[in-house]
Amino acid sequence: MATYLILVAGGTGSRMSSEIPKQFLHLLGKPVICHSIEIFQKEIQELKIIVAVHSDWITFLRSELSKHFPEHNFSIVAGGETRFHSVKNGLEIIPYETDSIVMIHDAARPLVSAETIQRCVTATKLHGNAIPVTPIAESLREVKGGNSLAVNRDFMRSVQTPQCFNVNLIKKAFEQQWQPQFTDDASVAEAAGNKIHLVEGNRENIKITFPEDLEFASLSLLKKSARKN
């Protein structure tokens, strides 16, 4: 059974106030994306990795990957107009394979845990798909038409990546036309008639978006390294 990883790295980093996209900013001496790659390589043997990146950054990405992973061959595809199109471009180079799994992960999430990855893979083998989620700690309000209404957070979950799927299931789902409500891969699979299965994520598995997120990631990785030593 083949296992694929599509890393979505198409962002340009506008909210980081940086000329370099967030996935390429240095975190403890190496780009954020490298930390994301390392955890998956450690957990999944014979992993086939595809990176979807903005066309302006393909040359830079190739240089960084060859520097930090000289013995690994990566497939690189150009990112699209939206996340949907970037993932679709990555899926197009994966063949239809009945028993294979594809994990789709934000390149700017370097703190995903080994346990979260394994829970996703195990559940996907059983159900055909799995996405990691965490409970909502804050109160929520829905804002609509100038009014706001309290929302019961007990029924809500925060969605993370990797979002994992049987290859045939997700390739077929992405044959749909893009819709504005496709904010992640699970929403695409759901629109194609698939029930989405949830597994426990890890709270520190944030998507680096703002400068303070980089500081949090640095502290988290340092604490993790200290526990190992």
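1. Glu 64 has a relative accessibility of 7% and therefore counts as buried, where buried means under 20% relative accessible area, exposed over 50%, and partly exposed in between, with a 1.4 Å probe and protein chains only. Lys 67, at 52%, counts as exposed. The two residues form a salt bridge whose closest N and O atoms are 3.2 Å apart; the term denotes a side-chain nitrogen of Lys or Arg within 4 Å of a carboxyl oxygen of Asp or Glu. Both residues belong to helix α2 (residues 58-68) and are three residues apart, about one turn of the helix. Helices (H or I, at least four residues) and strands (E, at least two) are DSSP runs, numbered from the N terminus.

2. On the basis of the model: it is predicted, so that local features need pLDDT of at least 70 and side-chain atom pairs count only at pLDDT 80 or more, while totals for chains, interfaces and linings use all residues. Residues are numbered from 1 along each chain as its sequence is written, and side-chain values use heavy atoms, with hydrogens and water left out.

3. The whole structure contains six salt bridges. One of them joins Arg 83 to Asp 185, with the closest N and O atoms 2.8 Å apart. Because Arg 83 lies in helix α3 (residues 83-91) and Asp 185 in helix α6 (residues 185-191), this pair ties together parts that are 102 residues apart in sequence. Asp 185 is buried, with a relative accessible area of 1%.

4. Asp 106 and Arg 109 form a further salt bridge, the closest N and O atoms being 2.8 Å apart. Asp 106 is buried at 4% relative accessibility, and Arg 109 is buried at 9%. Salt bridges that share partners join Arg 83, Asp 106, Arg 109 and Asp 185 into one network.

5. Which residues of α3 are buried? They are Arg 83, Phe 84, Ser 86, Val 87, Gly 90 and Leu 91. These residues lie on the same side of α3 because they cover an arc of only 165° around the axis, the arc being that of the directions from the helix axis to the C-beta atoms. The buried residues of α3 pack against β1 (3-9), β4 (47-53), β5 (75-78), β6 (101-106), α5 (167-173) and α6, contact meaning heavy atoms within 4.5 Å. At the start of α3, a side-chain oxygen of Thr 82 comes within 3.3 Å of the backbone nitrogen of Phe 84.

6. Leu 28, Leu 219 and Leu 222 make a nonpolar surface patch of about 280 Å². Leu 222, in helix α7 (residues 211-228), is partly exposed at 46% relative accessibility. Leu 28 is partly exposed as well, with a relative accessible area of 41%. The loop between β2 (26-27) and β3 (30-31) holds Leu 28, whose phi is near 55°, a positive value in a residue other than glycine.

7. Glu 46, in the loop between α1 (32-43) and β4, has a phi near 50°, a positive value in a residue other than glycine; at 74% relative accessibility, Glu 46 counts as exposed. Thr 161 and Pro 162 are joined by a cis peptide bond with omega about 15°, and Pro 162 is found in the loop between β10 (157-159) and β11 (163-166).

Technical notes:
Polar contact = N/O pair within 3.5 Å; in protein donor to acceptor, adjacent residues only side chain to side chain. Patch = residues over 30% accessible without salt bridge, like charges linked within 9 Å, V, L, I, M, F, W, Y side chains within 5 Å. Areas by Shrake-Rupley, 256 points an atom, 1.4 Å probe, with all protein chains shown as cover.
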